[in-house]
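User: I've got a model open and want a quick tour. Can you walk me through it?

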Amino acid sequence: MATFHYKLFFSSLLIFCKTVEVYSRGPVYTPPDVERLTDRFSRVSVDKSYGVSFGGSNIRVTNNGTGADISLDKSTGSGLVSKNKYFYGFFNAALKLPAGFTSGVVVAYYLSNADVFPHNHDEIDIELLGHEKRRDWVLQTNIYGNGSVRTGREEKFYLWFDPTENFHDYSILWNNHHIVFLVDNIPVREVVHSNAIASVYPSKPMSVYATIWDGSEWATHGGKYPVNYKFAPFVASMRGIEMEGCILNQKDTAPSCSRSSLSSLDPVDGEQFSKLSSQQTNGLDWARRKHMFYSYCQDKYRYKVLPPECNAN
């Protein structure tokens, strides 16, 4: 009888531990099949497509120039900025994030023109937020247009994989029709260029950035779980760079590569990129049902009056 109770105890303990593990990480879902946009464009090397934005001593080019490590330590974070500015395009980076205790660490892949339009800038953000206590990395997306920084349009997602174990693709498709955020080619968010959002839809040429920095005060409930530099340096690795789009010619004030109507001649603003396919729509629905846990359009505490595009959806 004692042996039976002994085995029963450890069987129960094992079930409990597995339950805690599932609860702490959340259920794991298998993503649906979708088209691989990352297979449509050529990859470019980091050394030819990016320059140093800040923290040059914390940037290391790897794999003969095709990749880079960006790190955060006690002295500073670091970041890369594209050598070109774009009116629109498809942008991808395969990232592997720091493991361990990473509360307050922010790895960002985004487009911005704050350097040119400091009071009226546009921005399209993918921000990966490190653990608070022992939680997994969180994906946050956001957009600003024409300096609309007081109206955050954040949406947050749990990932369906461990982003510290392998490289995963994080992509932004931005054109005159919509903005699409993708993770491993799965659309997680689409912002349609409608009348409701037209005034704050990013429209000016932007640079592409990849950065790592200390977001303790911003990303961890006012500094409740700050970066613990005992675990530094925090290193994010990047490869799989794709940047295909309408490049700003410094001599032109308007995009010479734009089209007045849908055209298959334009690889990023053409008809095939004007709306999601049925597979992509299914993937978008899956990601939002299974993994999104915050949307500004549902935050009536923060917004007494929701932004107009929320009511238009």
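Analyst: What follows goes from the whole chain to single elements and residues.

User: Ground rules before we start?

Analyst: This is a predicted model: local features need pLDDT of at least 70, side-chain atom pairs count only at pLDDT 80 or more, and totals for chains, interfaces and linings use all residues. Residues are numbered from 1 along each chain as its sequence is written, and side-chain values use heavy atoms, with hydrogens and water left out.

User: Fine. How many helices and strands in the protein chain?

Analyst: Five helices and 15 strands. Both are DSSP runs numbered from the N terminus: helices are H or I with at least four residues, strands are E with at least two.

User: What share of the residues is buried?

Analyst: 50% of the 313 residues count as buried. Buried means under 20% relative accessible area, exposed over 50%, and partly exposed in between (1.4 Å probe, protein chains only).

User: What about contacts between residues at least 6 apart in sequence?

Analyst: Of those contacts, 69% join residues at least 24 apart. Contact means heavy atoms within 4.5 Å.

User: Which strands does S5 pair with?

Analyst: One partner is S14 (residues 234–247), antiparallel, through nine bridges. There, Tyr88 stands opposite Cys246. Another is S10 (residues 168–174), also antiparallel, through seven bridges. In S10, His168 is the bridge partner of Leu95. Two strands pair if DSSP finds at least two bridges between them.

User: How many residues of S7 are buried?

Analyst: Seven of the seven, residues 123–129, so S7 is largely enclosed by the rest of the structure.

User: Which way do the S7 residues point?

Analyst: Glu123, Asp125, Glu127 and Leu129 point one way. Ile124, Ile126 and Leu128 point the other way, and all are buried.

User: What flanks S7 in the pairing?

Analyst: S6 (residues 105–112) pairs with S7 in the antiparallel sense over seven bridges, with Tyr110 opposite Asp125. S8 (residues 138–144) is joined to S7 by seven bridges, again antiparallel. In S8, Gln140 is the bridge partner of Glu127.

User: Now helix H4. What is the distance between its end C-alpha atoms?

Analyst: They are 18 Å apart, which agrees with the 18 Å that the 13 residues (278–290) should span at 1.5 Å a residue. The expected span is 1.5 Å times one less than the number of residues.

User: Which H4 residues are buried?

Analyst: Gln280, Gly283, Leu284, Trp286 and Ala287. Down the axis of H4 they fall within an arc of 165°, so they line one face of the helix. The arc is that of the directions from the helix axis to the C-beta atoms.

User: What covers that side, and what is on the other?

Analyst: The cover includes strands S9 (155–158), S12 (186–192) and S15 (292–295). The face turned away carries the exposed residues Ser278, Asn282 and Arg289.

User: Where is Lys204, and is it buried or exposed?

Analyst: Lys204 lies in the loop between S12 and S13 (207–214). It counts as buried, at 13% relative accessibility.

User: What does Lys204 touch?

Analyst: Leaving out residues up to four places away in sequence, Lys204 touches Tyr86, Asn113, Phe117, Asn120, Asp122, Asn146 and Trp174.

User: Last one. How many disulfides turn up?

Analyst: A search of the whole structure finds one. Cys297 is joined to Cys310, S to S 1.9 Å. A disulfide is a pair of cysteine sulfur atoms within 2.5 Å.

User: Which hand is the disulfide?

Analyst: The torsion about the S-S bond of Cys297 and Cys310 is about -80°, so the disulfide is left-handed. Cys297 sits in the loop between S15 and helix H5 (308–312) and Cys310 in H5, so the pair ties together parts 13 residues apart in sequence.
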